[in-house]
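Subject: Structure handover

Hello,

Here is the structure I promised to pass on. Please look it over, then read my notes below.

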Amino acid sequence: MEIVKTPIEGPLVIKPKIFADHRGYFFESWSKMTFEKEELHLNFVQDNQSLSAKGVLRGLHFQNPPFAQGKLVSVIKGAVLDVVVDIRKESATFGKYFSLVLSGENNTSFWIPPGFAHGFITLEEDTIFSYKCTEIYNKQSEGSIVWNDKDLNIDWGMENPIVSLKDAESPTFSKLSTQF
């Protein structure tokens, strides 16, 4: 398993070592020992999974402390453009975003620590997205940023995605209300 830092301090790209042959493949998708070598002592308490059609955009979501979530995300089937936005007010990269493609083919995972808004857009039909979370979901702690915020200027790579009413009505980044 290879752990790669991103241009924004905190999020990490996890590339597994895949063992493939005529039968299929095998890889380690999570290793407590590997993460602890990176000084990440994680306790996952909730796993989530979503199924989405092509062109569905979910996000940009976060939870405020004390229910702030770290997430280890991956795609089981299909593909997404995964996006994080730094919402840590004291960070040198506050308001910057990072994106990468996660797919059932590349089997890459993405560690998103607390202090980041997260979203993704599906690039293929019937995409199955998996989340391992370090904190339980808490409705009172949830927050969001509108996906097409002009200040963030995220390139989602797709015109007119399918979004929920909640995501379409999220506040802009300039109106961000967070405790990070």
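The notes go from the whole chain to one residue.

This is a predicted model, in which local features need pLDDT of at least 70, side-chain atom pairs count only at pLDDT 80 or more, and totals for chains, interfaces and linings use all residues. Residues are numbered from 1 along each chain as its sequence is written, and side-chain values use heavy atoms, with hydrogens and water left out.

The whole chain:
The protein chain has 2 helices and 13 strands. These are DSSP runs, with helices (H or I) of at least four residues and strands (E) of at least two, numbered from the N terminus. The C-alpha trace spans about 50 × 35 × 30 Å along its principal axes. Of the 180 residues, 48% are buried (under 20% relative accessible area, with a 1.4 Å probe and protein chains only; exposed is over 50%, partly exposed in between). Contacts are heavy atoms within 4.5 Å. Among those between residues at least 6 apart in sequence, 80% join residues at least 24 apart.

Glu 142 lies in strand E13, residues 142-144. Its relative accessibility is 25%, so Glu 142 counts as partly exposed. Leaving out residues up to four places away in sequence, Glu 142 touches Phe 62, Gln 63, Tyr 137 and Lys 166. Pro 65 is 77 residues away along the chain, and its C-alpha atom is 9.5 Å from that of Glu 142.

Best wishes
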